[in-house]
Amino acid sequence: MDWKIELIFVPVTDVDRAKAFYVDALGFSADHDASPGDGVRFVQCTPPGSACSIAFGTGLTEMAPGSQNGIQVVVPDADAALARLEAAGVAAEGVLDLDWGRFVSFADPDGNRWTLQELPDYAAARRAAD
């Protein structure tokens with residue numbers, strides 16, 4: 001039996017600000033935005049190329065805004081990811097080189113932390129191509 005992670009909740013204070021950040025600054029697709037009932041708004045966005053989406057809104061989770069600190073995403077090039085974030089005005093930390101990959105970190109407007117990882121195999125393939 002396969003178990004697939006397909007949706008991660010990201011707690012935010014301002015849904016419209018979060019949607020603008022993820023869609024406009026990061027380039028996520030805006031998949032869904034609905035208010036199915038009183039006090040509930042559900043927004044789903046997906047990173048480019050990802051099978052897993054994020055969701056945020058109102059009335060969805062009891063997590064405190066800014067408390068999601070463990071989302072890690074694989075990217076093919078940490079330097080390019082850092083440049084893309086900086087070009088979009090996103091404050092980012094990186095590139096941190098470790099034996100198990102190259103890492104870039106950033107936070108959304110509420111402080112939810114993300115880490116982008118370039119896997120060691122990607123880095124080796126890029127170096128061989130240069």
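**Notebook: pockets**

I began with the lining of the largest pocket and asked which element gives the largest share; α2 does, with three residues. I am working from a predicted model.

Entry on the largest pocket. I looked up its volume and found about 280 Å³ of space. I then checked the 14 lining residues for those closest to the pocket centre: Leu26, Phe28, Pro48, Val75 and Leu116. I noted β5 (71-74), α2 (78-87) and β8 (113-118). I sorted this lining by class. It has 13 nonpolar residues, one charged residue and no polar ones.

Entry on the second largest pocket. I read off about 180 Å³ of space here. Which residues line the second largest pocket? I listed Ile8, Pro47, Gly49, Ser50, Cys52, Ser53, Ile54, Ile71, Gln72, Val73, Val74 and Trp114. I checked the strands next. β4 (53-58) and β5 each supply at least two residues of this lining. β5 gives the most, with four residues. I sorted this lining by class too. I counted eight nonpolar and four polar residues, and no charged ones.

Entry on both pockets. I went back to β5. It supplies at least two residues to the lining of the largest pocket, and it gives four to the lining of the second largest pocket. I also set the classes side by side. The lining of the largest pocket has one charged residue and no polar ones. The lining of the second largest pocket has four polar residues and no charged ones.

How values were computed:
Residues are numbered from 1 along each chain as its sequence is written. This is a predicted model: local features need pLDDT of at least 70, side-chain atom pairs count only at pLDDT 80 or more; totals for chains, interfaces and linings use all residues. Side-chain values use heavy atoms; hydrogens and water are left out. On a 1 Å grid over the protein atoms alone, a cavity is a set of points where a 1.4 Å probe fits but cannot get out, and a pocket is an open set with protein on both sides within 12 Å along at least five of seven lines; lining residues have an atom within 4 Å of a point. Grid points are joined across faces, edges and corners, and a volume is the space filled by probe spheres set on the points. Ala, Val, Leu, Ile, Met, Phe, Trp, Tyr, Cys and Pro count as nonpolar, Asp, Glu, Lys and Arg as charged, and the others, Gly among them, as polar.
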